[in-house]
Amino acid sequence: MTIDKEQKHVERQQKLKEKVDERIAAAQTEQGVFQVITGNGKGKSTSGFGTVARCVGHGQKAAVVQFIKGGWECGERNLLEQVGVPFSVMKTGFTWETQNREADTKAAQETWQAAKQYLADESINLVLLDELTYMVTYDYIDLQEVLDALKNRPQMQSVIVTGRAAHRELTELADTVSEVRNVKHAFEAGVKAQKGFDF
Ligand code: ATP
Ligand code: MG
């Protein structure tokens with residue numbers, strides 16, 4: 001780099017730093033964050049679990065509710081239960097295969113009761129509601145009930161909801177919304193879901 005270019009770079013970086021510092025200084029509110037992670041790409045649940053690991057790593061308390069149970073075991077659960085993270089997993093295991101609306105509604109309702117308890121527990125810093133979006137879409141759990149539980153949760157508690165096609169009212173209520181876009185996925189090229197990577 002010439003001296004002139006170098007100088008310009010330093011000036012630009014300095015300006016950027018000032019702007020970022022200003023915004024950091026302005027963000028002073030302490031509160032739990034409600035995040036929605038949606039979209040068709042891979043990385044929603046793993047992102048949620050990453051935040052659970054982050055929370056637990058600080059000695060804080062997290063709880064996980066899984067609204068879809070595939071046919072495979074969950075690596076994150078195997079690990080996180082060992083460090084005391086409670087899991088509530090939907091029993092009958094709603095999947096894209098299930099046809100029995102009544103049984104699915106009952107299972108979803110049972111699991112939602114556990115979620116509500118976590119959402120009322122001040123000692124829990126982070127609640128991950130994995131694949132909740134589908135329960136609302138299929139009307140297995142009442143949207144208004146979900147919104148109320150989220151709004152009335154302890155002030156410092158953070159919540160993450162994952163799943164495709166999040167209801168507009170959920171994204172409106174959320175503080176942070178991330179959409180994972182599918183660019184490509186190994187599955188489309190015939191690669192089977194891999195243990196330790198996909199589950
Ligand atoms: P992950 O749990 O890997 O973060 P996800 O939560 O974003 O994935 P889900 O919609 O919950 O994605 O899908 C669960 C399973 O489907 C995972 O095994 C994941 O690898 C796979 N999957 C995710 N996105 C795609 C996709 N675009 N095409 C095919 N399979 C996918
Ligand atoms: Mg997922």
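Visitor: Which residues coordinate the magnesium ion (ligand 2)?
Guide: In this predicted model, the magnesium ion is coordinated by Ser 45 (OG) and Glu 131 (OE), at 2.0 to 2.1 Å. Donors here are N, O and S atoms within 2.8 Å of the metal (3.2 Å for Na, K and Ca), and water is not among the atoms, so sites may look incomplete.

Visitor: Where do Ser 45 and Glu 131 lie?
Guide: Ser 45 lies in helix H2 (residues 44–57) and Glu 131 in the loop between strand S4 (126–130) and helix H5 (132–137), so the pair ties together parts 86 residues apart in sequence. Helices (H or I, at least four residues) and strands (E, at least two) are DSSP runs, numbered from the N terminus.

Visitor: Is Ser 45 buried or exposed?
Guide: Ser 45 is buried, at 18% relative accessible area, and Glu 131 also counts as buried, at 16%. Buried means under 20%, exposed over 50% and partly exposed in between (1.4 Å probe, protein chains only).

Visitor: New topic: what does the side chain of Glu 131 have 2.8 Å from one of its N or O atoms?
Guide: That is an oxygen atom of ligand 1. For Asp 198, a side-chain N or O atom is 2.7 Å from an oxygen atom of ligand 1.

Visitor: How are the numbers and letters assigned?
Guide: Residues are numbered from 1 along each chain as its sequence is written, while chains are lettered from A and ligands numbered from 1 in the order written. Local features need pLDDT of at least 70, side-chain atom pairs count only at pLDDT 80 or more, totals for chains, interfaces and linings use all residues, and side-chain values use heavy atoms, leaving out hydrogens and water.

Notes:
A polar contact is a pair of N or O atoms within 3.5 Å; within protein, one must be able to donate a hydrogen and the other to accept it, and residues adjacent in sequence count only if both atoms are side-chain atoms.
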